[in-house]
Amino acid sequence: MPERGHLQRLLPLIEGLSARGRTVHVMTDARFGADVARAGGLPFDLFARHPLDAADATSIPVPSRYVSFAATYAEAVSRQVAALAPALILYDTFAVIAPLIGRRLGVPYVNVCAGHAAVPSRAVAALRNDPRVATSAECWAAVRRLRDAYGMSGAGPFSYVEGLSPFLNVYCEPPQFLDESDRATFEPLVFFGSLAPQQREARASERPFRRARPGLKVYVSFGTVVWRYFEAIAYAALGTLADVFSDLDAEVVMSLGNHELGEARRARLARATVRVERSVDQWAVLKDADLFVTHHGLNSTHESIFHQVPMVSYPFFDDQPALARHCQELGLAVALAAAPRAPVERDAVVRALHRLADERSVFAARLAEARSWELAVIDDRDAVFERILALT
């Protein structure tokens, strides 16, 4: 589905399957075509003839629209997939249509988990109490169609978090990031991680920090999805961070996650030592950063660990608070606020910085250990590909 962070986690799988001589047709948004091609896949514009907005343009959270998409286009997309005669369907959890097609065609389907410890029952329970939720009439009609016409008796507006596979589930973190008590939910399970260092290094040419003299180099980003729902909160937090880091004379790169904030509002965040960018090459920025203020998206968190950059946690929603707590417990991050989306206070920023400075060696040791987990899960990917290809 058209979520860049989710596509990013699929790219090392696409690359690995292609390198093993498989033809990999990748149905996704056209704007990801170049990324897919670089990974060795064959891009297929899923939405050219099947526009998402025509199925559902209003449901919130946005991924509920993928439930509507599945019911609206199941027949047409099934025919397109059948024409490819696939031996296997590999899909991101949010692609509700994928396991439906797998069942219709009698083809094994492998799920790539979308998020940190996203146990479906827990995720659905949280969404039922989420004040953002506004399910469209189109989505409710889609739910009825999925139940009645396609045998998905448990279908609902939050089915996008429930798409686990009975064949295999690929977990996009090292094993240390999934509690033993949760593992049974995801079985059959393999750990794959989310990183593709060779792909990212090949494109990381940006030099984000520009000052020659020594000093704290800070990267601040709340990712892309946060801006859909919490723009005012994110903007206020960035303003406080800009003030504090400016007073400390830290060099700051602040990314808006490709969000169009508007020139006037961007200008109000900028300071002499704070540069505000609509988007950056995050991999390149983290290579040089001393500190990362993050929402704890899955990709962002593990990229920071790979580059051994300590994190200041400011999660917003979904799996972010749980991943933030896990990183704090592991000694990889410090909290910025007492609760998700709580106002960022100047004193809290200063306290977080003091703790990171006072315990620098402790954080460095924990980050080095966590990086070894990332490398170990990457090194074991041959075994994951064997499990996947055995299903064909």
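Let's start with the largest nonpolar core. A nonpolar core here is a set of buried Ala, Val, Leu, Ile, Met, Phe, Trp, Tyr and Cys residues joined through side-chain atoms within 4.5 Å. Buried means under 20% relative accessible area, exposed over 50%, and partly exposed in between, with a 1.4 Å probe and protein chains only. The largest core has 77 residues, and Phe222 and Phe245 touch the most other members. Helix H4, residues 64-83, gives this core its largest share, 9 residues. There is also a second, separate core of 24 residues, and Val36, Val110, Val190 and Phe385 are among them.

A word on the source. This is a predicted model: local features need pLDDT of at least 70, side-chain atom pairs count only at pLDDT 80 or more, and totals for chains, interfaces and linings use all residues. Residues are numbered from 1 along each chain as its sequence is written, and side-chain values use heavy atoms, with hydrogens and water left out.

Back to Phe222. What is Phe222 in contact with, leaving aside its neighbours within four places in sequence? Contact means heavy atoms within 4.5 Å. The list includes Ala234, Ala237, Leu238 and Leu241. Val293, Thr294, His295, Tyr314 and Phe316 are on it too.

Next, the sheet of 6 strands. Helices (H or I, at least four residues) and strands (E, at least two) are DSSP runs, numbered from the N terminus. Two strands pair if DSSP finds at least two bridges between them. This sheet is open, its pairing is parallel, and the order is E9-E8-E7-E10-E11-E12. E9 (274-277) and E12 (333-335) stand at the edges with a single partner strand each, so one side of each has no neighbour in the sheet. Neighbouring strands are turned by 20° against each other on average, direction ignored. Axes are lines fitted to C-alpha atoms, for helices over the stretch in contact, and angles run from 0 to 180 degrees between N-to-C directions.

Look at E7, residues 217-221, and E10, residues 291-294. They pair in the parallel sense over 4 bridges. Val218 has Leu291 as its bridge partner in E10. Helix H11, residues 231-247, packs on this sheet and touches E7, E8 (251-255), E9 and E10. Its direction makes about 175° with that of E7. Helix H16, residues 346-358, lies across E10, E11 (311-313) and E12, at about 150° to E12.

Now helix H15, residues 320-329. Its buried residues are Gln320, Pro321, Leu323, Ala324, His326 and Cys327. They pack against helix H10 (226-229), H14, E11 and E12. Just after H15, Gly331 takes a positive phi of about 80°.

H14 covers residues 298-306, and Ser300 is in it. Is Ser300 buried or exposed? Ser300 is buried, at 8% relative accessible area. Its side chain and that of Gln282 are joined by a polar contact of 3.1 Å. A polar contact is a pair of N or O atoms within 3.5 Å; within protein, one must be able to donate a hydrogen and the other to accept it, and residues adjacent in sequence count only if both atoms are side-chain atoms. Not counting residues up to four places away in sequence, Ser300 touches Gln282, Phe292, Thr294 and His295.

Last, the sheet of 4 strands. It is open and parallel, in the order E3-E4-E5-E6. The twist averages 25° from one strand to the next. E5, residues 168-171, pairs with E6 over 3 bridges. Tyr171 has Phe191 as its bridge partner in E6.
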